[in-house]
Amino acid sequence: MPAKWWGWGDERKSFALADPQRFWSFLEQRLGQTAESARLRSLDEIALRPARLDERQLAALRRVLGDGNVSVDRADRAVHSLGKGYRDLVRIRRGDIASPTDAVVYPESDAQIAAVLDLAASEAFSVIPFGGGTSVVGGVEPLGDKPTLTLDLRRMARVVAVDRVSGLATVGAGIFGPALEAALNAAGFTLGHFPQSFEYSTLGGWIATRSAGQNSTRYGKIEENVESVRLHFPGGAIETPAVPAAAAGPDLNQIIAGSEGAFGVITSAVIRLARLPERSDYRAYLMPDFERGVEAAREMLQSGLRPSLLRLSDEAESEATALMQAGAEGLTLSLFLLGFDGDEAEVRSSWKRAEAVMERHAGSSLGAGPGDAWRRSRFEAPYLRDLLLDRSVMVDTLETATTWSNYLPLYRSTRDAMQSAMGGHGIVMAHLSHAYTHGASVYYTFLAAQRNGEELEQWQEVKDAATRAIVDGGGALSHHHAIGVEHRRWLTEYLGDGSIEILRSLKRVLDPSDIMNPGKLIPSSKETT
Ligand SMILES: Cc1cc2nc3c(=O)[nH]c(=O)nc-3n(C[C@H](O)[C@H](O)[C@H](O)COP(=O)(O)OP(=O)(O)OC[C@H]3O[C@@H](n4cnc5c(N)ncnc54)[C@H](O)[C@@H]3O)c2cc1C
């Protein structure tokens, strides 16, 4: 699939609004007038700084990797220099890549990765591990003064082995979602990991960011499904033992998960699989309000139910969804998508219990239609962002997680902080989509008319207001988007000085010369909020 360099996904695809005229006039009522926004038409129009590598250095890289695995091509460098968050898209659409990577390398083996890291140490290069480049927190953007190599893992994408008895697979870190699932499905298994970026993100990227899929309530976040992992760092490599549980000191898998390329390169992992479900039964309900929906979700999770799909939209998101997908205006209720996977008997008995909970909370069933429609279009929503950017609409998402007792207070205080940072002229909507026995995540989408010429400053004001509310309100600094650049300066306040010192000492041990993804994850000692 040809990927869009200036936006999301397949170049040939666009978001299909049910009733475009109604949708745009609804937005104009809420956001005020928006103008069409111009963008560069071709990557050739970007003035990219020349690569800061001389012929000797390039020849050394080619000796290690082979001629075809080293690229200084402009387009290749440009698309490897930014991720896919709002800040990235605003910049790439206007051709603003102030800090491009100097070369993109495509290793094919662990030995080549070890040799690239040796070369990086002796030549004082930085190295950025790159999976699909779908980071929304600035995770793949070059920072610092050193020449940078972006190490794209896509040629390390083999399913090496499937242990059908244990339900485990050994897989190269550069594999993309669809190829991984196809191979696992053929063996009768699934990883059950479907982030909205599934088609364009990789196993290594998921582990490095502690990603969460749309079915995480049943299948778990990615870090729960890592049995073992192999990490190369400057000067060494480790492979953690492949065991289901251990009491052999702290779990190193959990230190590597979320390390965001700052500790080393994840080259492969042994992942925990689930049997392909015999049946998936996804349905929709309308709840009287978001609060009743949250109560219903909590009751289900605390009674031991594990829905595969649990997505409860607040009233604002429900209204927008009805308008986008059905062209219907004025919905004031809360949309609850709920689904179970499993064998026939399990799905039937789960639904019986869930129906009783929904009834107690005055949910009214919309049947299976909206659930099936959600499944068919589950990866489509990001395409709408490109249409909105074409109309000068700021649109971004952010997320957190908290305990059930703090859920509604945090949901409201963060929403209100974002709303007031937009001067009351924006839309803030939210949903609950990853639920646990003891709490759940909140995922916000916010929109406003762009302030022409100050798009990034305007975004930063909303982001700062939201993050302040999250940190003050006791939420997770991130539930699944990770730290990257965007959350880095908040990490010390969030974790505390002692915990940051532990992270810094790990970095010093694994990467003493700061080769690996500098400026990501770990704040400098001078940085404050
Ligand atoms: C439209 C859209 C929807 C999204 N939906 C979700 C969602 O539902 N759930 C979710 O969790 N996230 C989501 N994300 C965020 C993003 O897709 C995830 O963070 C994903 O895990 C990144 O994977 P990637 O392969 O693209 O990694 P990249 O973006 O390439 O890298 C992300 C970070 O991981 C590091 N890294 C990558 N590969 C490796 C490796 N092999 N070894 C060491 N470090 C590595 C990079 O250096 C970087 O710091 C979404 C993003 C977009 C744009």
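Reply: Contact here means heavy atoms within 4.5 Å. The model is predicted, so local features need pLDDT of at least 70 and side-chain atom pairs count only at pLDDT 80 or more, while totals for chains, interfaces and linings use all residues. Residues are numbered from 1 along each chain as its sequence is written, and side-chain values use heavy atoms, with hydrogens and water left out.

Me: Leaving out residues up to four places away in sequence, which residues does Leu 432 touch?

Reply: Residues up to four places away in sequence are not counted for Leu 432. With that exclusion, Leu 432 touches Val 294, Ala 297, Leu 310, Arg 311, Leu 312, Trp 404, Tyr 407, Ala 440 and Ser 441.

Me: Which residues touch the most other members of the largest nonpolar core, and which helix gives the largest share of this core?

Reply: A nonpolar core is a set of buried Ala, Val, Leu, Ile, Met, Phe, Trp, Tyr and Cys residues joined through side-chain atoms within 4.5 Å, where buried means under 20% relative accessible area, exposed over 50%, and partly exposed in between (1.4 Å probe, protein chains only). Of the 54 residues in the largest core, those touching the most other members are Phe 336, Leu 338, Leu 432 and Phe 446. Helices (H or I, at least four residues) and strands (E, at least two) are DSSP runs numbered from the N terminus, and the largest share of this core, six residues, comes from helix H10.

Me: How many residues does the other core have?

Reply: This other core lies apart from the largest one, and Ala 173, Ala 187, Ala 208 and Val 471 are among its members. Its number of residues is 39.

Me: Which residues have polar atoms at 2.8 Å from a nitrogen atom of the ligand?

Reply: A polar contact is a pair of N or O atoms within 3.5 Å; within protein, one must be able to donate a hydrogen and the other to accept it, and residues adjacent in sequence count only if both atoms are side-chain atoms. An oxygen atom of the ligand is 2.9 Å from an N or O atom in the side chain of Thr 209. At 2.8 Å from a ligand nitrogen atom there is a polar backbone atom of Ala 212, and likewise one of Ile 266.

Me: What percentage of the ligand's accessible area does the protein cover?

Reply: Accessible areas come from the Shrake-Rupley method with a 1.4 Å probe, and for residues only the protein chains shown count as cover. On its own the ligand has 960 Å² of accessible area, and the share that the protein covers is 96%.

Me: Is Asn 69 buried or exposed, and with which side chain does its own side chain make a polar contact?

Reply: Asn 69 lies in the loop between helix H2 (55-65) and strand E1 (70-71), and because its relative accessibility is 5%, Asn 69 counts as buried. A polar atom of its side chain lies 3.0 Å from the backbone oxygen of Leu 65. At 2.5 Å, the side chain of Asn 69 makes a polar contact with the side chain of Arg 155.

Me: What is the C-alpha separation of Leu 17 and Ala 326?

Reply: Leu 17 is in the segment before helix H1 (20-31) and is buried, because its relative accessible area is 13%. Although Leu 17 and Ala 326 are 309 residues apart along the chain, their C-alpha atoms are separated by 8.4 Å.

Me: What is the phi of Ser 392?

Reply: Most residues other than glycine have a negative phi. Ser 392 lies in the loop between helix H14 (382-390) and strand E16 (393-403), and is buried, with a relative accessible area of 14%. Although Ser 392 is not a glycine, its phi is positive, at about 60 degrees.
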